[in-house]
Protein chains: 2
Amino acid sequence: MTIEEAKQALQQLQVQMYAYRYALGQISLDAATVGPKDTVEGRGVALSVLAGAMYDMAMKPETIELLEYLKAHKDELNELEAKEVEELLRDHEETSKIPKDEYLAYRQLLNEADAVWHQAKADDDFAAFLPVLEKIVDFNRKMAGYIHPEKKPYDALLDRYERGLTMEKADAFFAQVRAHIVPLLAKIQAAPQVDDSFLKQIFPVEKQRVLSDRLMEMQTIDRGHCAIGETEHPFTSGFNHADVRITTHYYEDNFSDSMYSVIHEGGHALYELGIDPALDYTVLSGGVSMGIHESQSRLFENIIGRSRGYVKNLLPVLQEIFPEQMEGVTAEALYKALNKVEPSLIRTKADELTYSLHIMVRYEIEKRLIDGTLECKDVPAEWNRLYKEYLGVDVPNDRDGCLQDTHWGGGMIGYFPSYALGSAYGAQMVEKMKEDIDYEACLDACDLKPIVAWLGEKIHKYGSSKDPAWILANCLQADFDPSYYTRYLEAKYSDIYGL
Amino acid sequence: MTIEEAKQALQQLQVQMYAYRYALGQISLDAATVGPKDTVEGRGVALSVLAGAMYDMAMKPETIELLEYLKAHKDELNELEAKEVEELLRDHEETSKIPKDEYLAYRQLLNEADAVWHQAKADDDFAAFLPVLEKIVDFNRKMAGYIHPEKKPYDALLDRYERGLTMEKADAFFAQVRAHIVPLLAKIQAAPQVDDSFLKQIFPVEKQRVLSDRLMEMQTIDRGHCAIGETEHPFTSGFNHADVRITTHYYEDNFSDSMYSVIHEGGHALYELGIDPALDYTVLSGGVSMGIHESQSRLFENIIGRSRGYVKNLLPVLQEIFPEQMEGVTAEALYKALNKVEPSLIRTKADELTYSLHIMVRYEIEKRLIDGTLECKDVPAEWNRLYKEYLGVDVPNDRDGCLQDTHWGGGMIGYFPSYALGSAYGAQMVEKMKEDIDYEACLDACDLKPIVAWLGEKIHKYGSSKDPAWILANCLQADFDPSYYTRYLEAKYSDIYGL
């Protein structure tokens with residue numbers, strides 16, 4: 001094998017892998033959006049064959065030989081090729097530590113788990129979800145041990161979603177956030193409350209769909225490359241830099257929920273759409289980590305989407321689509337209403353300030369599920385206890401409690417902390433951005449192009465071709481410092497609540 | 001290899017094939033429904049890898065060895081296994097006659113052709129579609145020669161969609177239909193016309209979506225296993241007996257177009273949903289031929305869906321959903337309006353009577369494209385000439401002319417005749433059905449269950465486990481006789497037009 005042949009084989013391998021990822025992604029997207037309810041079995045049969053083929057492709061001796069050959073000829077590779085080989089070898093090494101039968105059984109389990117979770121949530125029946133959750137937790141704990149026997153299991157899982165993240169770092173981060181949010185929240189709860197009653201009217205779903213189109217337009221999303229679907233739990237699915245899908249969930253009596261879901265997923269979509277096309281069909285395509293991804297989504301959702309400037313531009317759009325409901329509403333009233341702080345039950349409906357407390361509940365529970373100090377059967381009680389402790393709210397049922405999120409049923413344990421971390425990254429990014437562009441003027445004119453371009457240049461274009469720590473440092477030109485985030489929150493909410 | 005091992009390998013091979021068909025079907029469904037416009041490239045890369053993997057699986061030496069071994073041990077196979085081996089060997093033999101590079105290039109071409117056709121139709125620009133059409137016709141002609149060098153090329157293509165169909169049979173069939181429809185049409189055009197002006201009002205798309213749900217309910221379609229999407233050109237996609245999708249296209253100013261699309265595709269869906277679950281994940285799953293499939297769809301669309309009994313039950317549903325538009329409309333007025341005969345431009349909007357004439361235009365053109373007596377560039381002129389000759393209408397542009405259908409851009413040459421043939425099968429099936437169930441009473445009570453059950457028992461359950469000729473003979477207990485169809489049309493339209 002010559003080095004040129006090996007390089008070609010490397011590209012071919014990655015194109016093959018892309019095709020299976022694409023197929024699996026399409027099947028999952030269909031299942032979550034338009035796929036009929038009772039179609040799990042046939043989907044599972046297909047998924048298990050395709051995942052098996054993908055596994056075989058990654059694990060066959062020719063693949064590892066090729067990668068080892070390329071690694072040995074590292075000097076003859078360009079930077080991208082070297083990174084591709086490194087990532088493929090890492091994946092190979094990690095996967096080879098998990099017994100194949102366990103891996104495939106787990107994939108099959110996840111396919112079934114989604115439907116079980118949906119049904120359990122609909123029926124408010126945690127007992128129905130429990131056996132699946134136990135298997136998922138069990139597999140994740142075992143997987144962590146297989147992959148990183150030297151690490152604490154939960155550290156190994158955190159690392160999967162945000163390379164380099166540890167419980168030590170997460171604990172410190174959450175401690176800092178808690179130290180600022182809890183007193184701030186107390187002051188806000190003692191202050192006069194803002195009026196958001198006009199948001200609680202009925203907003204017909206059909207018109208909310210029109211609003212979604214307008215929001216995506218405001219966010220400069222090219223619809224030729226990005227579609228929106230409807231799912232129980234909103235998400236973004238990126239197939240390549242030119243094909244990204246977002247989803248939302250409409251509630252007739254809570255239009256702002258979907259509105260901010262769309263802007264949030266739109267942030268994810270802009271990231272995926274901004275990745276260098278040269279990375280398509282390689283393992284370096286796609287966003288680099290959940291933390292960086294959430295920094296983009298939550299930056300658009302909150303720091304931009306709930307800013308005075310953006311909301312001022314949102315008002316005429318809302319008044320055009322919902323003239324009756326929005327009659328007489330001023331920009332300032334809308335700004336305050338959309339930023340109302342109210343400890344509540346549902347993470348995705350949480351205000352910007354209390355959101356991190358919702359994450360902390362999940363972080364604490366995950367940590368203890370994986371280290372074995374909490375049993376799955378005790379999750380509802382522990383969930384409810386922590387919601388009372390952190391947010392002061394009573395959880396009336398599991399549907400609005402520990403069954404609300406798709407993550408655990410989807411096998412994602414270790415993902416949640418990245419939401420809070422991403423928010424904090426975003427706050428620091430904006431401060432850095434202000435050195436280069438007139439950020440406030442962009443919001444004031446609702447011209448998000450310069451913001452998207454700045455993020456594209458500093459973050460998006462790199463895809464997964466650099467480690468998350470490199471991308472963050474490249475963007476911030478400084479160490480990550482969560483005090484940007486807490487200062488931002490303190491300034492914003494002191495103003496809104498006149499503290 | 002023992003026979004038991006070989007049987008297991010046979011099932012495993014078919015499960016693998018199913019998974020790739022499932023993935024390709026999902027990707028195509030996405031492309032036609034919700035996939036954004038400018039996502040062709042990335043989809044093409046994935047499709048080409050997956051189609052290549054499928055090809056390799058079918059063509060690798062182990063596969064042919066397995067099939068030959070099983071064929072040699074035919075006596076030890078049950079009936080289904082024997083048929084599976086027969087079909088797999090046939091496919092293998094056919095595919096092995098097509099050079100792999102041509103086969104894969106053609107798959108890639110089809111992926112691109114769909115977008116080209118969509119754009120060309122939107123722009124009314126036949127010249128943009130021409131190069132793609134030429135390549136498709138050229139490949140189909142060559143493929144016919146590869147697969148059946150002993151047959152006339154168009155006969156080989158007809159056989160792909162309806163095994164055993166030849167130009168000789170099709171010519172005879174169309175001659176019989178023409179001999180009855182043309183004089184009947186002349187009499188109708190000389191008679192006083194029916195009033196369908198109330199159908200031409202505006203029917204909001206959102207309410208048409210509600211109607212689709214009601215229609216599927218009336219048709220006894222289980223929505224847990226069947227979803228409806230929206231596409232340029234309606235179609236049905238069956239993944240397995242428990243997962244079927246139909247699509248429609250809504251026009252605000254022509255609600256009955258989508259209404260009958262839904263009932264038509266619903267007929268296809270009932271066929272797929274009625275197949276014996278034991279055939280899932282084998283090559284014997286799915287409907288057996290286009291002719292049998294169209295017999296089901298057109299039976300529901302026209303013979304049932306445009307019957308006096310069904311329309312009587314449709315009226316209150318329409319009046320509930322569209323109270324203003326349907327105010328004061330009587331069942332008899334609706335029945336006549338929905339059966340108005342009017343030679344027109346668009347096949348899918350054609351009335352039941354003139355529909356076959358639209359098919360004849362396509363049949364004549366396809367036949368001549370493949371035998372080389374017509375060049376692709378001359379299709380528009382020939383199309384327009386034949387529409388004038390058969391239907392008496394002037395074609396104002398190619399969008400409403402030769403660019404209207406998805407079939408040729410999708411590579412389907414030889415498919416169209418099955419629509420007309422299916423209509424004729426359906427008419428004879430209903431006459432046979434009347435011996436066993438009170439068909440008119442079912443329509444009168446809008447209780448389609450006995451009809452679906454009868455068709456399920458005679459046709460649906462067999463999937464592709466029998467040849468279409470066997471299934472037709474089993475259902476009819478007689479030779480196919482197109483005079484059932486022409487008698488049905490003559491009786492129906494003589495009554496409506498008082499001839």
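Author: Happy to! Let's begin with helix H16 of chain B, residues 417-433. Its 17 residues reach 24 Å from the first C-alpha to the last, close to the 24 Å expected at 1.5 Å a residue. Bear in mind that this is a predicted model. Of the 17 residues of H16(B), 16 are buried, so this helix is largely enclosed by the rest of the structure.

Now look at Ser295(B), which has its place in helix H11 of chain B, residues 290-304. Ser295(B) has a relative accessible area of 0%, and because buried means under 20%, this serine counts as buried. What is Ser295(B) in contact with, leaving aside its neighbours within four places in sequence? The answer is Gly422(B), Tyr425(B), Gly426(B) and Met429(B). The side chain of Ser295(B) also has a polar atom 2.5 Å from the backbone oxygen of Ile292(B).

Another pair of helices in chain B is worth a visit: H7, residues 153-161, and H14, residues 355-371. Their axes come within 8 Å and cross at roughly 130°. On the H7(B) side, the contact is made by Pro153(B), Tyr154(B) and Leu157(B). H14(B) brings Tyr363(B), Glu366(B), Lys367(B) and Ile370(B) to meet them.

Key:
Residues numbered from 1 in each chain as written. Chains lettered and ligands numbered in written order. Predicted model: local features only at pLDDT ≥ 70, side-chain atom pairs only at ≥ 80, totals over all residues. Heavy atoms only, no water. Axes fitted to C-alpha atoms, helices over the stretch in contact; angles between N-to-C directions. Helix = DSSP H or I, 4+ residues; strand = E, 2+ residues; numbered from the N terminus. Contact = heavy atoms within 4.5 Å. Expected span 1.5 Å × (residues − 1). Buried < 20%, exposed > 50% of the residue type's maximum accessible area, 1.4 Å probe, protein only. Polar contact = N/O pair within 3.5 Å; in protein donor to acceptor, adjacent residues only side chain to side chain.
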